[in-house]
Amino acid sequence: MSDSPKDKIKYGILKAVDISGFKVLDPPVRLLFGEEPQKQVKDIAKYLLLPTLFVSLCILIWHIAGPNHKTKSGEVPTPGKVLEAYADARRFDERENEKERAFNLTGQDRLDEIKLVEKELVELEQKAAALQEKSAEVAAAAKVTLASKIDPIQARYDALKAQNKAAKQKRTEALDLLAEQVASKDASPEALIALVKKNALVEEKEGEAESVLKDKMDLIRDNPPVEVKASQLAANKIEDEVQHYKKRLAILTKENLSIKREALLAKAEEDSAQLAAATTGKEALKEAKSVVRNSERAESTSEQVYARTATIFWQTKRSIATVFVGFIIAAVIAIPLGIMCGLNRIFMACMTPIISIFRPVSPVVWLLIFQIVIGAFFLPDPASHPLFLFMNDALNPLAFLQTNPAMIFSASTVAMCALWPALVNTALGVSAIDKDHLNVAKVLKLGFWSRLFKIVIPSSLPLVFAGLRISLGVGWMVLIAAEALSSSDGLGKFVWDEYQNGSSQSFANIILACFVVGVIGFFLDRLMIILQRLVSFDDGSATA
Amino acid sequence: MNLKNITTALAVASIAPLGAEQLDVEKDELKFGFIKLTDCAPIVIAKEKGFFEEEGLQVEVIAQPNWKQLLDNVITGELDGAHMLSGQPIAATIGFGTKEHIVTSYTLDLNGNGITVSNDIWEQMQENDEKLDSPTPPHPITADSLKPIVDEAKEDGKKLPMGMVFPVSTHNYEIRYWLAAAGINPGFYTSTDLKGFTDGDIELSTTPPPQMPATLESGKNVAYCVGEPWNQQAVAKGIGVPVVTNYDIWKNNPEKVFGVTKSWADANPNTHIAVTKALIKAGKWLDAEEDGKLINRDEACRILSQPNYVGADFDIIKNSMTGYFFFQKTDKREMPDFNVFFKYMASYPYYSDGVWFLTQMRRWGQITEPKPASWYAETAKSVYLPEVYMSAAASLIEEGSLTAEEVPAEDFDGYKEPTTDFIDGIEFDGKKPIEYLNSHKIGNKDPESLATQ
């Protein structure tokens, strides 16, 4: 191994690749530096190309199989639909940005924006009208086709029903007659029983024949031609855009911050003019009060913030923040407890029942308990609780998270569930410290604290971090469930809201959220792997 | 110069809607909760059409997962106010479920619910009543044809499972009313049975609205009573048939209210009036008609179909909101009054509405003790705040955005005229709760002597 600068770079990259856990990138890096090209190409084919192909195959199967599975909430969305859902989510986010901008614009910028929006609105409206017309045409055509399919069956159904009704009438008459005969001992009771049985059978058969036709009609009605729905959805999409532009225009012209402020100031000015012209004391007082009120209101208006709607991007950020809050709480509790458990067998014995009983409890139960218990701290007015005042007002960079009790509940639930793996692993790590190390400490007569920080913690770190890695993974999984249940803003709430929406887009959005959750979970795990490698004794050499 | 003119013109133009009499609100950034149902419309419209803005309020409208959570969030102060079931403020105030004094100054809408049965039950109902076996059967459909099915299931040792959205929701009382009118006992609440199954011929349990279609599909329920769009959703997905709307059970019945806690209302009296003003404007906008056509409903549906509001497909929301209702794919009927937000003075908070809900709570045992008639009146008066509504209306009349004919007169006592517009024709007079209770065949009955106490 030479120590040329090129090699240095190479091994640096390889080490980074290894520590970050992306070992699959090892062969391409080596290939880039011309190390054993043949072997690397082979490795790339085996460990990079084949997996890529496999994943592509899975996506292809999804693409083909998805639409074939029809549920009552629409068919399973294809990968394309999910991408479309992503594009829609982006558009939704953009719309919020546009509205917020419209709310805050001032002066000439605002006037320019009004012109622009008005122009685009006209174009959009024309487009929407054209699409609506087309959609109406398609629907009308489909109605004709539907009638042509249904009417013959309906006619057959009606005829069959009439026929069956007549037959039933006849059978009832025959039955009545036979019954009379039985009563007058002209016929055997067995014959009557046989006839009743036979009639029931015939009736069942007739009913079946009827329902076959009915089901046929229902099937046709339940499966309208796809283009009807598609054209309607296309029209709806543009109509939504029109609606958005209208709202934007309304914000620009009516709800805009500077406009409101100016109006109030103008009013105050008008009042002061009237104050100057006041002839009676009463009048003067009234006007003076009005001046003060309007200028105060103008002042408070300028502090108003546009009430943004939650989008998936913001919710993702909030989820990540929540999971870290919970995770940090868990780590702060679990590591000291774990160390104590590892150092002292009596303490371990005391903790064991608590750990064993609480570890398997479902996150849902914890959430409900925390909602009740922790909720009590924030009564009666959570918005003015010091914690939230601090988080949302004083701590400016974090204000966008809009910390509220629901977030604390979710974070506590995460902490409660993420606690155990870290605790158990820490205890394990501490109790597994090499006896020699401890003996050395004894020989050196190290005090408790230096023994703790020089021997115990460093040697148990790899296992502690392995535990923390599991904790973060558990926490992330738990969080999504907790958010869905507690309606704390985040990805969980996004999924829940979409499920409740039940629109034609919802299914695709849920799958989109599924990927977002998965990808973020993956990166969180990688982050922990890196930390774990960095504290490990073997210095993460490329061969490890 | 030119530019300045435009700016001033715009500024002046916007003074008019801002109004000279904008109230001195105590709190100008508010959070309101709602459940994904079309009858949250006044709150959403007040935000989207800028009516809250006109009162100087910045409002965030946040979807809630279920009624319990919504109420809890209002009580803890997480939300300033919310879209509530009419029964919720009353139940909370008298302490059935979570106890907290909740008040309302605004009725969000009338009607708007339906009872949907599964396809299987519908087929059996058609067998029991031949008239129903048609693409357009005669309405209203009573539960008479359902009774044999219930009886048969009971003989097999099974109680048919049905769904409603919340123990104190209109839906619970409506489906009970509909069943009881046909002699089916829906079950009683007792001090120990808080599920309301006692003595029932069926089992009526709670399911959040958006899950209703799914429970029908999975067989967890065979029928349910819920607001829109969840009945139309069942038709669109082909999993059930709405048989009756609550318009047929009780014509123009109160449905949802806008509720806040008493302490919030006391701390923010002007904000409360300002919010009520915006809601009145929104209700009026929703019910605006031209040549007998509801002109703003299309736009309202467009807004409601946004994913952060109701979020269902535009076409599904449109079905019921624009004056039609699909009972089956083949049976589209005009129902101009399926959703009433403002006309018939719908948005006024009537004491008699409160009394009706109280009588239903007593009828089915949620109120376990007999109460005197005066208690009904007092409770209704502590929950419904027509005085707030009237001061909001007065201020709107002064601004010219409302006329005096659109709201009850100043000296109105808050009780609607006695009515017999029920599916079973029994008369309800808000001033005679005990007599009303005793006029039902199925249900708790109280001693007549309480009527005069």
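1. What pLDDT does chain B average? The average is 88, and 95% of the residues score at least 70. pLDDT is the predictor's confidence in each residue, from 0 to 100. The model scores ipTM 0.76 and pTM 0.83.

2. Some ground rules. This is a predicted model, in which local features need pLDDT of at least 70 and side-chain atom pairs count only at pLDDT 80 or more, while totals for chains, interfaces and linings use all residues. Residues are numbered from 1 along each chain as its sequence is written, chains are lettered from A and ligands numbered from 1 in the order in which they are written, and side-chain values use heavy atoms, without hydrogens and water.

3. Over residues 1–20 of chain B, pLDDT stays under 50. The model has 20 contacts (heavy atoms within 4.5 Å) for this stretch beyond four places in sequence. Where pLDDT is low, the predicted coordinates should not be read in detail.

4. Next, the domains of chain B. Domain 1 covers 3–110 + 254–290 + 341–449, and domain 2 covers 113–249. These bounds come from an automatic or database domain assignment. The C-alpha centres of the two domains of chain B lie 28 Å apart. Their contact takes 33 residues from domain 1 and 36 residues from domain 2.

5. The two domains of chain B bury about 2600 Å² between them, 71% of it on carbon and sulfur atoms. Buried area is the accessible area (1.4 Å probe) that two parts lose on being put together, summed over both. Trp364(B), Ile423(B) and Ile442(B) supply 29% of what domain 1 buries against domain 2, more than any other three residues. Across this interface the rule finds zero salt bridges. A salt bridge is a side-chain nitrogen of Lys or Arg within 4 Å of a carboxyl oxygen of Asp or Glu.

6. Now the chain interface. The contact takes 62 residues from chain B and 62 residues from chain A. Together the chains bury about 5200 Å², 45% of it on carbon and sulfur atoms. Gln58(B), Arg302(B) and Asp313(B) supply 11% of the area that chain B buries against chain A, more than any other three residues.

7. Which charged links join the chains? The rule finds eight salt bridges across the interface of chain B and chain A. One of them pairs the side chains of Lys214(A) and Asp133(B) at 3.6 Å, N to O.
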